[in-house]
Amino acid sequence: MFKLYYAPGTCALASHIALEEAGAAYTAERLDFKNSQQTTPQYLAINPKGRVPALVTDRGTLTETPAILAFIASSFPKAQLAPEDPFAFAEAQSFNSYLCSTVHVSHAHKMRGYRWAAEESSLADMKRKVPETMAAGFALIERDMLKGPWVMGEQYTICDPYLYTIALWLEGDGVDLATLPKVAAHRKRMEERPAVQKVMAEEKA
């Protein structure tokens, strides 16, 4: 039995969906970010980074979305959430790493600029830049990385819940979804999946 720590509206949604898609036995515990539950001693003992997701397993706790997604795919091979071919799997990891290290960081400049700067003018400048950097990141995904109908092509993989999760932030980051028809169509396909519907209902409850 796994235990996933998450907060609504965060990148933990990708791991939550992947667990459901895999048919894993798990529980999900919501953290209250508004009351800084992620910085309490109790949670920091689980994840010293003070962030989500954190996946508690019988071998220890995993953090970082790409690692958790790869672990879920590897643990439930019958769900076929990752390509079997080594090169194709590396391509999937490359895509998820891009979301983690580039696109998510661009998004974080809107509300988490204090991680990189202290001057109010610097924080405001980073926030103003978010629509441009997010649009640029997703333009690359739209043009060169999203094969369709799923990220990797015909096979639904761990890339898809991750892309869906971050794509949900686009409007709030000032990006017009109409400029990204392939991403918009992908988001619609995701919303038709029973696992996505179940997890979204739980996270919105």
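Trainee: Between which two elements does the loop that holds P53 lie?
Mentor: Helices (H or I, at least four residues) and strands (E, at least two) are DSSP runs, numbered from the N terminus. By that naming, the loop with P53 lies between α2 (41-44) and β3 (54-57).

Trainee: What is omega for the peptide bond from V52 to P53?
Mentor: This is a predicted model, in which local features need pLDDT of at least 70, side-chain atom pairs count only at pLDDT 80 or more, and totals for chains, interfaces and linings use all residues. Residues are numbered from 1 along each chain as its sequence is written, and side-chain values use heavy atoms, without hydrogens and water. The bond from V52 to P53 is cis, with omega near 5°.

Trainee: Is E64 buried or exposed, or in between?
Mentor: E64 sits in the loop between β4 (60-63) and α3 (65-75), and its phi is positive, near 80°. Buried means under 20% relative accessible area and exposed over 50%, with partly exposed in between (1.4 Å probe, protein chains only). E64 has 38% relative accessibility, so the class is partly exposed.

Trainee: How are α1 and α8 oriented to each other?
Mentor: The axes of α1 (residues 12-22) and α8 (residues 194-204) cross at roughly 130°; axes are lines fitted to C-alpha atoms, for helices over the stretch in contact, and angles run from 0 to 180 degrees between N-to-C directions. Angles under 35 degrees count as roughly parallel, over 145 as roughly antiparallel, 65 to 115 as roughly perpendicular and the rest as oblique. The two helices, α1 and α8, are therefore oblique.
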